[in-house]
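Here is a short briefing on one protein structure. Keep the sequence and the 3D view open as you read.

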Amino acid sequence: MIKGERVTFGASKTLSYVRQLGAGGTGTTFLFHDDLADVSFAIKKYDPKAGNDSPECFRRFIEEIKLSLRINHPNIVRTYDYFLYPNQLTGYLMMEYIDGVQISDYDPSSSGGSWDAIFGEAISAFEAIEAAGMLHRDIRPSNFLIDNSNKLKVIDFGFGKQLSASTVAGTSVLLNWPGSAPLEVYQGIYTHATDIYYLGMLFMSLANLQGSRMFSYKSVLQKMTERNPADRYRSFSEVKKAMLENNAISFTDDQQKLYLMIAEVIEQSLSEIHGESLKMRSPQDALGRLKSLVDKTCLEEQLQDISLLINCFISNGYLYHKEAVCYVSDLRDFYLFLLRFPMREGKRY
C-alpha cells in the first residue's frame, strides 16, 4: 500500500441486542453483546427529537465522536468505534459498557468504597479533560456512573467543546441545576472554571443528600462552588493541589489513632525480617490486598491470622507473633481511611 491510500474495511460485525440503557434529546443508548469476543458494548444511536434534528446538531454529534476518541483515562468511558450515515443525519457510537449505577444512587458504605475516592477520581478525570483542551459542559448525576469495582466513569460528551489555542470560552450550556448559576454564564462564558463550579455543585448536592461523614474535602468544595469565578479555582490542577494540601493537614485525632494502632499491630507482631532490608508493597498492590482481606473477613469480629494483615504491606519473608489482636471493624475503617487518597496512573498519593 501507498502512504495516504484510503482503504475500506467491508467486513460486517453482528452483535446481539440485549436491552435499552437510556434515552435523551439527541439519541438512545442500547446494550449489545459481541458473542465471538464475549464482550458487551453500549451503542448510542444518534436519533434526535424534533428541534434537535438539524445539520448543526448532527455536526455536534460528530464533534462528540472526535472528543471521545481523543480521551483515554481509567475514569472516562472509552469510545471504540463509530458508524456515520450523513445522508440520513444519523449514526452510532460504540462505547465501553459500564455495569453500575449513576452517582446519585451510589452507596459507598455498602460496597467498601468512599466518597473521597470517588471525588478524587472525578477530579483526575476532569484534569485529563482539561489537559486535552476540552470542556465537558454537561455535568449532571446521570453522566457519572460507579461500576461494580467502586470506580467512577464520566460519560457523555454530547455537549463537549474543543477549545482552540485562541479560544478562552465556549458558548454556555445552562443546565437545570439546583442553586444559583455561576456569574460568568450570564455573560455567555463557559470555561474550565465553570466545569469546576458544576462538578463542585454535584458533589455538594451528594454530600447534603446522603449526609456523608466520610467526605474530607468540604473546604475544597466550598471554593469550587464560589459564584464569582475570581474566587474559584482556575483549573482542575489547582483543585488537585488543594486536595493534597487538605490531606496533609486534615487528619482527625481518631484517624491518627487508627493509623497508629494498625502500624503498631504490624510492628509488634513482627519478630524477624528475612533479607537485608524491609520491602514494602506498592500502594496499589497493598490497597488491593487490604480490600480483599476486608471482603473475606467482613463477617468476623476479629482477624484470626495477623499474617494476613502483614502480607498486605510487606513482601519479605518474616517470622511473627500470633498473639496480636486486630478487630475487623478497625481494619475496614483503616481501608476506608486509605481510600481518601486519589489514584492517578496506578498510584495513590
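Which residue takes a positive phi just after α2? Gly133 does, at about 70 degrees. This is a predicted model, in which local features need pLDDT of at least 70, side-chain atom pairs count only at pLDDT 80 or more, and totals for chains, interfaces and linings use all residues. Residues are numbered from 1 along each chain as its sequence is written, and side-chain values use heavy atoms, with hydrogens and water left out.

**Helix α2**

- Helices are DSSP runs of H or I with at least four residues, strands are runs of E with at least two, and both are numbered from the N terminus.
- Helix α2 covers residues 115-131, 17 residues in total.
- From its first C-alpha to its last, α2 reaches 24 Å. That is close to the 24 Å expected at 1.5 Å a residue. The expected span is 1.5 Å times one less than the number of residues.
- Of the 17 residues in α2, 15 are buried. Buried means under 20% relative accessible area, exposed means over 50%, and partly exposed lies in between (1.4 Å probe, protein chains only).

**Strand β5 and its partners**

- Strand β5 is mostly covered, with six of its seven residues buried.
- β3 and β5 run antiparallel and are joined by six bridges. Two strands pair if DSSP finds at least two bridges between them.
- Tyr46 has Gly91 in β5 as its bridge partner.
- β4 and β5 also run antiparallel, and six bridges join them.
- Thr79 has Met95 in β5 as its bridge partner.

- Most residues other than glycine have a negative phi.
- Asp38 has a positive phi, near 55 degrees, and is not a glycine. Find Asp38 in the loop between β2 (27-34) and β3 (39-46). Asp38 counts as exposed because its relative accessibility is 58%.
- Leu89 has a positive phi too, near 50 degrees. Leu89 lies in the loop between β4 (79-85) and β5 (90-96). The hairpin of β4 and β5 has four residues between the strands. At 27% relative accessibility, Leu89 counts as partly exposed.

**Salt bridges**

- A salt bridge is a side-chain nitrogen of Lys or Arg within 4 Å of a carboxyl oxygen of Asp or Glu. By this rule the model has ten salt bridges.
- One of them joins Lys153 and Glu96, whose closest N and O atoms are 3.2 Å apart. This pair links distant parts of the chain: Lys153 is in strand β9 (residues 152-154) and Glu96 is in strand β5, 57 residues apart.
- Are Lys153 and Glu96 buried or exposed? Lys153 is buried because its relative accessibility is 7%. Glu96 is buried as well, at 17%.
- Arg232 and Glu184 form another salt bridge, with the closest N and O atoms 2.8 Å apart. Here too, distant parts of the chain are linked, 48 residues apart. Arg232 sits in the loop between α4 (218-224) and α5 (236-249). Glu184 sits in the loop between β10 (161-162) and α3 (192-210). Both Arg232 and Glu184 are buried.
- The side chains of Arg234 and Glu238 meet at 2.9 Å, N to O. Arg234 is exposed, at 63% relative accessibility. Glu238 is partly exposed, with a relative accessible area of 25%.
- Arg281, Asp285 and Arg289 are linked in a network of salt bridges.
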